[in-house]
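Please find below some notes on side-chain contacts, written for someone who has not looked at this model before.

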Amino acid sequence: MHILIVGGRGQLGLALQRVYAQKEGIQLSVWARPEYDITSPAIADHVAALGPAVVINAAAWTNVDGAESAPTAAYATNALGPKYLAEGCAQTGAVLVQISTNEVFAGRPNHFYREYDQPAPQSVYARSKLAGEIAVQQTLRQCYVVRTAWLFAPGGVNFPSKILAAADKHGQLRVVADEIGNPTYAPDVAAAIVQLVQSDRYGIYHLVNEGYASRFTFAQALLQATDRGHIPLTPIAAAEWPRPAAPPLHAVLVNQAAAALAIQLRPWQDALHAYVAAERNRKVNE
């Protein structure tokens, strides 16, 4: 089977490559910018010429705050890009996996979002990601929309890496305690996507590690796991950490559809310990 991973240099793209490298009978192609720019309509013809069986689009404009001042660029990558990829897939009968985000939901307090709850994006980034979901589903029947949240992976720039860098630099931290979501390990999502593609059950899926946490709780668990539990950690409200694009405060995803197919990710606490161990090994081998 020929698999094309778009956005191959990101956390999820790299994790997908590692999972597929262990599978027999897989021909793997990997695209990334600047060689392959999904904001160009010509990308549809490139997909058609390559002729993969499955395209996994892990490319995205992920600068959430920056999208507020650059909406055209955000929509070009997050909405038009998926549309062009879907058009290429439609030409050859390929399947498309479109990666999306928990931020398509408003994040109402105490609300837990299942796959077919009504999105209500609150930022340019979130609206552009929802536009990508819609474009793919309108263009292609054979597609999966995979929403995930708070991705982290060894070697990546993510919440854990920023927390650890700030802890080591400042010796103390102030972390938001009223933003709640699903800490999700990219290698676990990659393995779940591979399973999902084999199901031929197209639709919307929430692939996140089990459980949820506040940013504060996530940081606290990370510091404990990395022998930094002595570092003072102060909880603050999101209002005390203003951003151009305020994130949804309680956009917690529920994996119901994939769980019905026996696809479930381990608890985020277990995934965090796997991340810490992998980071230690990576640094030893550098």
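The points below take up aromatic pairs, charges over rings and salt bridges in turn.

1. The model is predicted. The structure contains 12 aromatic pairs. One of them joins Phe-152 and Tyr-185, whose ring centres are 5.4 Å apart; the planes stand at 35 degrees, so this pair is tilted. Phe-152 belongs to strand β7 (residues 151-152) and Tyr-185 to strand β10 (residues 184-185), so the contact ties together parts 33 residues apart in sequence. Both Phe-152 and Tyr-185 are buried.

2. Phe-152 also pairs with Phe-218: the centres are 5.5 Å apart and the planes at 55 degrees, so this pair too is tilted. Phe-218 lies in helix α8 (residues 215-225) and Phe-152 in strand β7, so parts 66 residues apart in sequence are tied together. Phe-152 has a relative accessible area of 0% and is buried. Phe-218 is buried as well, with a relative accessible area of 0%.

3. Which residues do ring pairs link into a cluster with Phe-152? The cluster consists of Trp-150, Phe-152, Phe-159, Tyr-185, Phe-218, Trp-268 and Tyr-275.

4. Arg-147 is in strand β6 (residues 143-148) and Glu-133 in helix α5 (residues 124-139), so the bridge ties together parts 14 residues apart in sequence. Arg-147 and Glu-133 are both buried.

5. Another salt bridge brings together the side chains of Arg-174 and Glu-240, at 3.5 Å from N to O. This pair links distant parts of the chain, 66 residues apart: Arg-174 is in strand β8 (residues 173-176), and Glu-240 is in the loop between β14 (233-236) and β15 (252-253). Arg-174 is partly exposed, at 45% relative accessibility. Glu-240, at 44%, is partly exposed too.

6. Arg-266 and Asp-188 form a salt bridge in which the closest N and O atoms are 2.8 Å apart. Strand β16 (residues 265-267) holds Arg-266 and helix α7 (residues 186-199) holds Asp-188, so parts 78 residues apart in sequence are tied together.

How values were computed:
Residues are numbered from 1 along each chain as its sequence is written. This is a predicted model: local features need pLDDT of at least 70, side-chain atom pairs count only at pLDDT 80 or more; totals for chains, interfaces and linings use all residues. Side-chain values use heavy atoms; hydrogens and water are left out. Rings of Phe, Tyr and Trp (its six-membered ring) pair if their centres lie within 6.5 Å; planes under 30 degrees apart count as stacked, over 60 as edge-to-face and the rest as tilted. Helices (H or I, at least four residues) and strands (E, at least two) are DSSP runs, numbered from the N terminus. Buried means under 20% relative accessible area, exposed over 50%, partly exposed in between (1.4 Å probe, protein chains only). A salt bridge is a side-chain nitrogen of Lys or Arg within 4 Å of a carboxyl oxygen of Asp or Glu.
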